[in-house]
Amino acid sequence: MEKILSFEELDKLAVDMADFSRENDVIALVGDLGTGKTTFVKTLAKELGIEENIKSPTFNYVLEHHGGRLPLYHFDVYRLTDPEEVYEVGYEDYLNNGGLVVIEWADIIESELPKEYIEIKLYYHDDESRKISVKFIGDLDRERELFKYVGFSD
């Protein structure tokens, strides 16, 4: 489902996603440079109770953040040239490891994403807002629950 959200509404979506997320969920973030992927993760992490500074893990591929309601495993796969390279940075070790995996530039490794994951696409709309697409891939019941929880249901 798609919506146009102001930056304040986008922050609320990140807060709601943090509250909605369960152990072993994967959130796949897709969007051009500057659409707000890292800002989304910062707000989500803060809502999880993670107090450390969140920055993009572009040069590390993955950063671990503990101390919140769930461990946060924050991936940035922008620099990968082949989807299977994600395994070289320990990707499998983070899946089903009791935390929340968030992947920026997830479209690069789409073939390696799990069967079930939350997909959030961010598109430029204007200087004040973004067009957002949210889906729960692989589980229609959780998708309906997600839409209701974040106010995306009709």
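Visitor: Quick one to start: is Ser-129 buried or exposed?
Guide: Buried, with a relative accessible area of 6%. Buried means under 20% relative accessible area, exposed means over 50%, and partly exposed is in between, using a 1.4 Å probe and protein chains only.

Visitor: What kind of model and numbering are we on?
Guide: The model is predicted, so local features need pLDDT of at least 70 and side-chain atom pairs count only at pLDDT 80 or more, while totals for chains, interfaces and linings use all residues. Residues are numbered from 1 along each chain as its sequence is written, and side-chain values use heavy atoms, with hydrogens and water left out.

Visitor: Back to Ser-129. Where is it found, and what does it touch?
Guide: Ser-129 is in strand 7. Helices (H or I, at least four residues) and strands (E, at least two) are DSSP runs, numbered from the N terminus. Leaving aside residues up to four places away in sequence, Ser-129 touches Ile-4, Leu-5, Ser-6 and Phe-7, where contact means heavy atoms within 4.5 Å.

Visitor: What's the strand order in the sheet?
Guide: It's an open sheet of 7 strands, ordered 1-7-6-2-5-4-3, with mixed pairing. Two strands pair if DSSP finds at least two bridges between them.

Visitor: Which strands stand at the edges?
Guide: Strand 1 (2-6) and strand 3 (62-65), each with a single partner strand, so one side of each has no neighbour in the sheet. Neighbouring strands are turned by 20° against each other on average, direction ignored.

Visitor: And what does strand 7 pair with?
Guide: Strand 7 (residues 129-137) runs antiparallel to strand 6 (residues 117-126), joined by 9 bridges. The two form a hairpin with 2 residues between them. Strand 7 also pairs with strand 1 in the antiparallel sense, over 5 bridges.

Visitor: Which residues are bridge partners of Arg-130?
Guide: Arg-130 in strand 7 is the bridge partner of Leu-5 and also of Tyr-124. Further along, Ile-120 stands opposite Val-134.

Visitor: Which strands does helix 4 touch?
Guide: Helix 4 (residues 140-150) packs on the sheet against strand 6 and strand 7, and its direction makes about 150° with that of strand 7. Axes are lines fitted to C-alpha atoms, for helices over the stretch in contact, and angles run from 0 to 180 degrees between N-to-C directions.

Visitor: Switching topic: how many residues are in the largest nonpolar core?
Guide: 30, and Leu-13, Met-17, Leu-44 and Ile-120 have the most contacts inside it. A nonpolar core is a set of buried Ala, Val, Leu, Ile, Met, Phe, Trp, Tyr and Cys residues joined through side-chain atoms within 4.5 Å. Helix 1 gives the largest share of this core, 6 residues.

Visitor: What does Met-17 touch?
Guide: Ile-27, Phe-40, Leu-44, Ile-118, Ile-120, Leu-146 and Val-150, not counting residues up to four places away in sequence. Apart from this core lies another, of 20 residues, including Leu-80 and Tyr-91.
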